[in-house]
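Hello,

Here is the structure for your files. Please open it next to this message; my notes follow below.

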Amino acid sequence: MKKRKERIDRGIKVRSEDVFALTSYREMLYLLAPRALPVAGLLLFLPLSSPYWREIFISTAIYALLAISWDVLVSVGLISLGQSLFYGVGSYVAGALNHYWGLPPVLTLPIATIGGAAICTVALLPVLRLRGIYFSMVTLVLPLMMLRLVEATRIFGGTEGLTGLSPFPGQLTEMYLANACLLIALFGFRRLMDSDYGLIVRGISDNDRAVMNAGLNIHWYKTQILFLGAAVGCFAGAFGTHHDMFAGMPGFALDYSIMPIAAAIVGGTGTFAGSVLGAFILVPLSEILRALGALRIVFYGLFLVIFVVGIPEGLFHYIRRKYHQFERWVEVE
Amino acid sequence: MSSAEAILSVSGLLKTFGGVTAVSSVDLQVQHGELLGIIGPNGSGKTTLVNLISGFVKPNAGEVLFKGRKITGFPPYRIVGMGMARTFQMVKPFYQLPAFKNLIVPLCSPRIKAILGGRYGDRDAIALDLLEEVGFERDANVAYKPAGSLPQGYLKRLELAKAMALRPDLLILDELFSGLSLAEVASIVPIIEKLRFQGKTIIMIEHRLKELFRIADRIAVLNFGMKIAEGKSEEVMASEAVKKAYLGSESG
Amino acid sequence: MLLGTLIYGFVNSCLLALLAMGFNLTFGISGVANFAYGAIYIFSGFTAWIFLNSIGLPYALCVISAISLSAGLGVLIYHVVIKRVKGLALSEVMATFGLGLAIMELFRYFDFVGFKYTLPNLIEGSVAIGDVYIDYQRITVILAAIALTGFIYVFTHHTRTGLAFRAIAQDERTALTFGIDSDRTAALSMGFGSALAAVAAVVVLPLGTIAVEGGYDVLLNALAVCIVGGLGSTVGILVASVLIGYAQTLTANYLEPHWMMLVSLIAIAIVLCIKPSGIFGHQKELEERI
């Protein structure tokens with residue numbers, strides 16, 4: 001007797017799918033719990049934790065933001081191999097504004113986010129019209145070039161970078177700011193991508209010819225998404241700058257390019273929550289592995305390969321599937 | 001038939017790909033409200049012609065005028081905004097989305113906003129109505145099924161609905177009838193007739209000659225990228241050049 | 001000075017062309033993403049070194065082994081990694097890039113770092129042209145580049161396998177209907193490209209040391225040349241190599257050496273503004289893809 005696995009949505013999922021009126025607290029809880037619990041956990045955990053874990057959290061939040069940024073670009077079909085471009089640009093803009101003009105973080109952060117995003121968008125605009133592979137190639141190349149550019153021209157402090165920049169007023173402020181921005185980015189983009197705007201964006205990724213044919217200017221949409229993704233990345237860079245009180249060449253390092261991709265792949269591309277989940281797994285893990293030195297990058301590399309090849313859907317999809325469906329073995333006639 | 005009244009005017013259109021001439025100096029006038037059929041053997045350049053007119057391919061030479069305005073070289077979204085819509089021969093919907101959600105994207109087009117006076121309206125409702133117009137049975141909830149699960153007949157209707165959603169004045173249908181049974185074709189024809197009744201101009205590329213001749217006002221015939229005949233269906237089918245094109249030079 | 005710049009600029013151009021050829025063959029011509037290219041280059045260098053210094057084989061044998069092993073590595077990468085994510089072009093890129101990363105950093109972890117890691121010159125000695133001395137190794141670079149270019153051109157235009165390489169990039173389905181085994185062809189292309197990386201390594205690495213950073217640089221340079229010249233176009237690679245090669249040498253001689261990378265960046269920027277698909281690139285822009 002042959003058997004196969006059958007997956008059925010749980011009753012409560014089906015009922016709560018098209019919600020016009022939730023009929024019971026149980027259903028509300030079912031929908032709310034996966035969203036509220038992590039958020040509550042973060043809000044409660046943060047002030048209670050030790051400085052060491054707070055540092056790890058900040059680091060995680062930064063990588064999570066970069067991973068969200070990557071996910072945003074992927075949703076329109078742009079696969080960035082150089083998230084560090086956004087981080088580095090945001091970092092240097094904030095650092096320069098602070099170092100040369102003495103602007104405080106409350107000003108440098110928004111300016112670096114918007115201005116940095118504008119710079120990156122303009123730089124990448126010419127490749128938007130070509131096949132996606134060109135975008136990936138150029139994003140791979142640009143940060144590596146920027147590194148050598150800074151080294152050669154010695155601008156913005158050259159190899160030493162800009163030091164002694166202003167910190168955030170207090171570690172708690174820093175943490176809650178990071179937390180707030182992360183959650184805003186996460187829920188904001190999920191909302192955006194669930195809307196009709198998101199349909200258009202994902203349509204461009206799926207079949208751009210059809211979207212062109214529907215009377216929409218796909219280049220304009222791609223530019224918008226590029227700007228949004230870049231903004232999140234630049235924010236992460238600006239934030240990191242004031243956290244480290246330093247802006248320099250490490251801002252364009254490979255780490256900032258690879259880790260977000262690994263996080264998004266492990267957690268699940270296209271869901272934003274997956275990117276955050278992936279970051280929360282990988283960053284603390286990499287801290288623990290820091291003792292291994294260069295082996296750490298070997299680990300990342302292999303991790304990337306294994307997940308891309310073996311578990312392409314990512315952890316978030318897997319967990320969500322388990323939450324919403326149950327499986328049973330059914331006999332096949 | 002002066003070109004001043006024509007909704008679409010194509011002159012001297014030329015397109016080469018590498019060494020191959022796909023469309024060679026084609027002239028065409030399409031009058032307001034008529035149904036023009038374009039026929040020709042495989043590889044005669046019909047789809048390339050449509051691509052040139054709708055902006056997906058840029059011509060090497062020649063001009064396209066739509067509603068009296070030059071649109072040569074315009075990108076597709078601009079031409080759609082002016083009131084032209086086309087379907088594709090190879091139907092590729094967004095497979096995982098429900099059928100009606102496939103219409104949301106065209107309904108987000110700026111043209112819709114302009115027509116509805118500055119708003120987009122309830123896109124979901126409009127989409128469902130559109131699908132009902134093209135024959136998606138409301139009570140069977142076909143509109144909610146994922147597009148990937150629909151048979152070819154429904155997919156073709158969906159493609160038509162996507163074009164209709166743009167409220168075009170000129171509708172170009174590229175092989176809409178291909179792959180459909182006689183019954184399915186018979187059920188789509190009234191929808192096309194209704195579009196004509198609403199005053200729309202329609203161009204149909206077809207291989208199904210019998211069904212096309214019943215509804216078309218005029219026919220144009222392409223072969224090897226050139227227009228070899230034009231006129232009423234009887235005239236065109238009687239022409240020697242057309243017979244040679246379809247049957248080869250051994251005939252007659 | 002001028003003659004020196006002329007000659008060394010040409011050497012530099014040939015060097016760049018050598019580096020880019022293998023990458024272009026796999027990625028540009030066959031459409032198989034091989035972002036582990038830099039890693040394979042370094043791998044072949046270290047392999048040759050190990051065979052020579054730790055095992056003590058005659059150098060000719062080391063070279064042959066290195067090339068064969070690299071080719072084998074390329075084919076292995078195809079079958080283990082790329083084949084499973086084929087079709088999703090960007091997964092190919094990410095997976096091969098991750099693998100390349102792992103390979104390069106593995107060498108660093110096992111302490112293959114330092115000035116003692118060098119490869120011997122294929123031919124010792126030098127010759128004078130006018131008042132400029134140029135060593136035979138650099139002349140080998142020039143000859144290798146010319147030979148390789150000629151070979152690749154003939155191969156991809158006149159042999160069945162070479163034409164198959166081009167076919168699978170353009171339209172895999174159609175290639176299949178012509179009886180071209182796309183899997184075998186792609187694997188072969190990876191093997192070839194990797195072998196070419198090894199050839200480049202054996203010719204170029206003697207000019208310096210084998211360093212893990214070199215792997216990143218190689219990928220970077222190959223990408224830059226391909227972007228400027230146009231992915232897939234052998235002629236484009238040549239032209240881009242000459243342009244960038246001379247620009248780099250001129251910068252190094254008349255300005256300062258560390259501005260050299262800036263040259264590549266400027267070249268990319270200019271190309272992106274004027275003709276994004278590269279000088280000889282025939283990437284059809286979106287509008288023309290129906």
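A salt bridge here is a side-chain nitrogen of Lys or Arg within 4 Å of a carboxyl oxygen of Asp or Glu. Arg148(A) and Asp217(C) form one through their side chains, at 2.4 Å from N to O. The count between chain C and chain A is 1 salt bridge.

Before the rest, the ground rules. This is a predicted model: local features need pLDDT of at least 70, side-chain atom pairs count only at pLDDT 80 or more, and totals for chains, interfaces and linings use all residues. Residues are numbered from 1 along each chain as its sequence is written, chains are lettered from A and ligands numbered from 1 in the order in which they are written, and side-chain values use heavy atoms, with hydrogens and water left out.

**The interface of chains C and A**

Chain C gives 46 residues to the contact and chain A gives 45 residues. Contact means heavy atoms within 4.5 Å. About 4200 Å² is buried between the two chains, 82% of it on carbon and sulfur atoms. Buried area is the accessible area (1.4 Å probe) that two parts lose on being put together, summed over both.

On chain C, helices α4 (89-109), α9 (212-229) and α11 (260-274) each supply at least two residues of the side that touches chain A. Helices are DSSP runs of H or I, at least four residues, numbered from the N terminus. The largest share of that side, 15 residues, comes from α4(C). The side of chain C that touches chain A divides into 31 nonpolar, 7 polar and 8 charged residues. Ala, Val, Leu, Ile, Met, Phe, Trp, Tyr, Cys and Pro count as nonpolar; Asp, Glu, Lys and Arg as charged; the others, Gly among them, as polar.

**Inside chain C**

Thr96(C) sits in helix α4 of chain C. Its relative accessible area is 0%, so Thr96(C) is buried. Buried means under 20% relative accessible area, exposed over 50%, partly exposed in between (1.4 Å probe, protein chains only). Beyond its neighbours within four places in sequence, Thr96(C) contacts Ala33(C), Asn34(C), Phe35(C), Ala36(C), Ile77(C) and Ile82(C).

Glu92(C) is also in helix α4 of chain C. Glu92(C) counts as buried because its relative accessibility is 4%. The C-alpha atoms of Glu92(C) and Phe35(C) are 8.4 Å apart, with the two residues 57 apart along the chain.

The buried residues of α3(C) include Cys62(C), Leu73(C) and Ile77(C).

Best wishes
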